[in-house]
Amino acid sequence: MSTITAEARLTSSRTASRALRAVRRRHHLETAGTLLLSVVLIVWTIVPIYNMVMISLEPEGDVFTDHIWPRVWSIESFWGVLTQGHWYLEHFWHQFANSIYMGAMVTILTLTIGTLTSFSIGRMRIRYGWLVSNAALLTYVIPASFLAIPFYRIMQNYGLANNLWSVIAALVAFATPYAFFVFQEYGRSIPIEVDESARIDGASPIQIYLRIYLPLMAPALVAVGTYAMLLAWNEYLYQFLLLSSKSSMTVPPPVAIYYAFRRRMTAGLTMGGVKG
Amino acid sequence: MNGASVLDIDRPAIRRRTLARSLRGTLKGGEYTWAVAFVVPYIAVFLAFVVYPVVYGLWMGSEASLYRELFADPIYQSTVVNTVLYLALGVNVKMFLALLLSGFFMRPGRWMKALLLIFVLPWAVPQISTFISIHWMLNGEWGFLNNVLYGLFHIEGPYWLNDRWSALGAVIVAHIWKWTPFWTLILLAGRMAIPLEIRDTAKVDGATGLSGFVHITFPLLANLYLICTLLSTIFLLGDFNAVTFVSGGGPANQGHVLATIGIRNAFDLAQPRLGVAAVMSALPMVIPLVIVLMRKLRTAEVQL
C-alpha cells in the first residue's frame, strides 16, 4: 500500500517536474524568440538612421568609403551648413527663419480655424453642420499631391506665386480637417452642460469659446499643434513647387538639394582627381 | 373674407419666421450670427483652397485627347504597373506586419516599452533626409548595403537603383520602413481597447494563441484594420516623397508612380494638362475608395 502511494507520489512529482520543465522550456523559447525579433527590429529600424548620421559626420572627401563607420569623425558638414559655407546654402539662416515662420503660421491658423469650426458645429450645434463635417472628411481623404498642379495655377491667379503664404494656405487647408476631427472627438468628453450653464449666466458665445472651450481643450490643442508643426516641417512638394526664389524658400528644398548634390559633386571631383 | 385677408397678410411673415427657425435651429438670433461667423473661416479656406483647385483641375483635365496621348505614352504604362505593385505590396505587407507587430508589442515588460520607443523612430524622424539616406545606402559603388554585403560575405552587390524592379522594390521597402511604426501604433491602440474581460473569458474558454487571434482578436480588430488599409491606400496613392527621393522615378523614368508622373509631366515637360490627366486617371480607383472610406469613417469614429 505504502509503496504504491510512494510510487504514485513519485510519478506525480515526476510528471509535475516534467510539466514544470516544459513550461520553463517554453518560457526560454519565448524569451529567445522575443530577443531575436527585438534584434531584427532594432537593426531594421536603426540602419537607415545610422547611415544618415554617419554620412553627415564623414569628412567631405571620404567618398569611396568601403568602411561601415567613418574613419574620422568630423562635424565639417554641420559647420558648413551653420556658417552658410557653400554656394547652395548661402541663405540657410534666412530659409531657416522662413521655416519657423511658416510652421508657426500653419500651427496658429490650423488651431484657430479648427477650434472655431468645431465649437460652432460641436458645441453650438449649428444647423447643417454635417455638411461642413463632410467637406472636411472629403478634404482629409483627397491626396494632397493630386491637387498640386491646379494649386500651382490658382496661386498665380491669387497673386501669391512665390509667396510663403501660398504654402501656408495649402498646408492649412489640408491640416484643418484633421484638427477638426480631433477637436470634435475630444470635445465629446466635455459635458455640454458646462456651456449651457455659462450661457444661462449670460456669457456670449465668444466668451464661452475663449474662457471655457479653449482652456478645456488644451490637451487636444497641444496634440494638433504638434501635428500641424510637423506637417509644415516635413512638407516638401508644395514648397518645392510654389517657392522658387532662394529668399522665399524654406529649409527642406535647399537642404534636400544640397544633400543630393554634395555627394555627386564631391564624387565627380575625386573621380577626376584619381583619373588625372 | 376679412379673416382670409388677415391670413394673407400674415403668411409671408410666418413663412419668414419658420425659415429663420429652420436655419437657426435652437440658437437665438445673436448666437446664430456668432455660430455662422465661427464656421465662415473654414468654409472660406475650403472654397478657396480645396474646391477651387479641384474644379480647376477637373477643367484642366477635361479634354479627351489628353487621355489618348497619355495612354499611348510607354512611360505612363509602366507608371500604372508600378503604382499597382506599389499599392498592392506596400499597403498589404505593411499592414500585415503592423498587425503582427502590434500583437508582439502587447507583451508586458519594460523592455517592450523601450523597444517600442526605438521602433517608432522611422515615423518620428524627418521624411526627406531618411529617404535620401536610403537612396545613398543603395548606391552601387559606395552604398552602405553593398559595403556590408562585401564586408560580411564578399559579395559584390548590384547597382540597386539601376534596375527598374529593384528600384521599385527599394521604394516599397522604404515605404514599409517609414510607415509600419505608425500603423503598428494605431493597431496597438485598437488591441488595447479590447476589454480585458473579453480576452480573459476567451482564455478561460481555451481560445489562446492562434485560435484566440482568429476567433476573438481579429474579428474585433477587423473594422479598424479595414479602415487603416483603405486610408493607407489613399495616402500611398498620393505619396510623392518616397518615390522622388529613393529612386527619383528612375531608372530612365521607368520607376514613376501616378503621384510623381503628374508632377513630372506638369513641371519637367511643361505640360500641366497632361500632368492633371495622369492624376485624373487614378479617379476610377480613388472615388470608390473615398466613398467607402467616408461611410466607414463617419460611422466608426476612428482617430487617426
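Guide: Before we start, one term: a residue is buried if 20 or more other C-beta atoms lie within 10 Å of its own. Also keep in mind that this is a predicted model.

Visitor: Thanks! Which residues are buried in helix 14 of chain B?

Guide: They are Leu274(B), Gly275(B), Val276(B), Ala277(B), Ala278(B), Val279(B) and Met280(B). Helix 14 covers residues 272-280, and with seven of its nine residues buried, that helix is mostly covered.

Visitor: And what percentage of the residues of chain B count as buried?

Guide: For chain B, 35% of its 304 residues count as buried. In chain A, which has 276 residues, the figure is 33%.

Visitor: How is chain B split by the domain assignment?

Guide: The assignment gives domain 1 as residues 1-60 and domain 2 as residues 66-300. Taken over C-alpha atoms, the centres of these two domains of chain B are 44 Å apart.

Visitor: Why does Val39(B) count as buried?

Guide: Val39(B) has 23 C-beta neighbours inside 10 Å, so it counts as buried, since the cut-off is 20 or more.

Visitor: Which residues is Val39(B) in contact with, leaving aside neighbours within four places in sequence?

Guide: Those are Thr117(A), Ser120(A), Ile121(A), Ile126(A) and Val132(A).

Visitor: And how far apart are Val39(B) and Gly151(B) in space?

Guide: From C-alpha to C-alpha they are 62 Å apart, while in sequence they are 112 residues apart.

Visitor: Back to helix 2 of chain B. At what angle does it cross helix 5 of chain A?

Guide: Their axes cross at roughly 105° and come within 8 Å; helix 5 of chain A is residues 148-157. The two helices are therefore roughly perpendicular to each other.

Visitor: Which residues meet there?

Guide: From helix 5 of chain A there are Ile149(A), Pro150(A), Phe151(A), Arg153(A) and Ile154(A), and from helix 2 of chain B there are Tyr52(B), Pro53(B), Tyr56(B), Gly57(B) and Met60(B). By class, this contact has eight nonpolar, one polar and one charged residues.

Visitor: New topic: how do helix 4 and helix 6 of chain A pack?

Guide: Helix 4 (residues 129-141) and helix 6 (residues 164-187) of chain A pack at an angle of about 120°, and their axes are 8 Å apart. These two helices of chain A are therefore oblique to each other. Helix 4 of chain A passes helix 6 of chain A in a left-handed crossing.

Visitor: Which residues make that contact?

Guide: Helix 4 of chain A uses Ala136(A), Leu137(A), Thr139(A) and Tyr140(A), and helix 6 of chain A uses Ala173(A), Phe174(A), Pro177(A), Tyr178(A) and Phe180(A). By class, the contact of these two helices of chain A has eight nonpolar, one polar and no charged residues.

Definitions and conventions. Residues numbered from 1 in each chain as written. Chains lettered and ligands numbered in written order. Predicted model: local features only at pLDDT ≥ 70, side-chain atom pairs only at ≥ 80, totals over all residues. Axes fitted to C-alpha atoms, helices over the stretch in contact; angles between N-to-C directions. Helix = DSSP H or I, 4+ residues; strand = E, 2+ residues; numbered from the N terminus. Parallel < 35°, antiparallel > 145°, perpendicular 65-115°, else oblique. Contact = placed C-beta atoms within 7 Å. Nonpolar A, V, L, I, M, F, W, Y, C, P; charged D, E, K, R; others polar. Buried ≥ 20, exposed ≤ 12 C-beta atoms within 10 Å, placed from the backbone. Domains from an automatic or database assignment. Left-handed = near helix turned anticlockwise from the far one by under 90°.
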